[in-house]
Amino acid sequence: MTGNILNTATQIATIWTVIGLVGAVMFTSRWFVQFLHSRTKGVSSVPPLFWVMSALGSVATLAYFIFGNPDLIGIISNLFPLFVSVYNLILISRQKDKVE
């Protein structure tokens with residue numbers, strides 16, 4: 001019985017670790033997106049995909065720090081970027097609505 005519980009706990013920890021890693025990769029990859037976008041345009045520019053990746057990366061890493069490996073510093077350090085990402089996506093949505 002104890003072996004089953006430990007095995008299940010290990011699988012859950014592994015799932016949250018994968019979710020945390022996906023979030024970290026997503027959050028880091030957005031910088032490549034921004035670099036390629038600016039390089040293509042020839043000016044500094046932040047594409048909407050940057051903010052989508054920021055929000056998704058923040059949600060995944062927050063889930064990891066809340067459920068997988070509870071860590072107050074990890075939670076706090078990912079809350080503000082999530083807020084900023086969602087705020088920018090709202091601004092982009094409003095700007096598109098005005099154009100149409």
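Q: Against which element do the buried residues of α3 pack?
A: They pack against α2, residues 48-68. Keep in mind that this is a predicted model.

Q: Which residues of α3 are buried?
A: Buried means under 20% relative accessible area. In α3, the buried residues are Gly74, Asn78, Leu82, Ser85, Asn88 and Ile92.

Q: What is the overall layout of the elements?
A: From the N terminus on, the order is α-α-α. The protein has three helices and zero strands.

Q: What share of the residues count as buried?
A: Of the protein's 100 residues, 28% count as buried. The accessible surface comes to about 7,100 Å². Carbon and sulfur atoms account for 71% of that surface.

Q: Which residue caps the N-terminal end of α3?
A: Asp71 is the cap. A side-chain oxygen of Asp71 lies 3.2 Å from the backbone nitrogen of Ile73.

Q: What is Asn78 in contact with, leaving aside neighbours within four places in sequence?
A: Contact means heavy atoms within 4.5 Å. With those neighbours left aside, Asn78 touches Ser58, Thr61, Leu62 and Phe65.

Q: How many residues apart in sequence are Asn78 and Ala55, and how many Å apart in space?
A: In sequence, 23 residues separate Asn78 and Ala55. In space they are 9.5 Å apart, C-alpha to C-alpha.

Q: What share of contacts in the protein join residues at least 24 apart?
A: Take contacts between residues at least 6 apart in sequence. Among these, 55% join residues at least 24 apart.

Q: Now α2. Is Ser54 buried or exposed?
A: Ser54 lies in helix α2. Its relative accessibility is 1%, so Ser54 counts as buried. Neighbours within four places in sequence aside, Ser54 is in contact with Phe27, Arg30 and Ser85.

Q: Where does the charged end of Arg30 sit?
A: The charged end of Arg30 sits over the ring of Phe27. The distance to the ring centre is 3.9 Å.

Q: How is a pair of aromatic rings described?
A: Two values do the work: the distance of the centres and the angle of the planes.

Q: How many aromatic pairs does a search of the whole structure find?
A: The search finds six aromatic pairs. Take Phe50 and Trp51: the ring centres are 4.9 Å apart and the planes are at 85°, so the pair is edge-to-face. Phe50 is buried, with a relative accessible area of 5%. Trp51 is buried too, with a relative accessible area of 16%.

Q: What are the values for Tyr64 and Phe65?
A: Centre to centre, Tyr64 and Phe65 are 5.2 Å apart, with 65° between the planes. This aromatic pair is edge-to-face. Both Tyr64 and Phe65 are buried.

Q: Which residues do ring pairs link into a cluster?
A: Trp31, Phe50 and Trp51 are linked into a cluster by ring pairs.

Conventions. Residues numbered from 1 in each chain as written. Predicted model: local features only at pLDDT ≥ 70, side-chain atom pairs only at ≥ 80, totals over all residues. Heavy atoms only, no water. Buried < 20%, exposed > 50% of the residue type's maximum accessible area, 1.4 Å probe, protein only. Helix = DSSP H or I, 4+ residues; strand = E, 2+ residues; numbered from the N terminus. Polar contact = N/O pair within 3.5 Å; in protein donor to acceptor, adjacent residues only side chain to side chain. Phe/Tyr/Trp six-rings, centres within 6.5 Å; stacked < 30°, edge-to-face > 60°. Lys NZ or Arg CZ within 6 Å of the ring centre and 35° of its normal. Areas by Shrake-Rupley, 256 points an atom, 1.4 Å probe, with all protein chains shown as cover.
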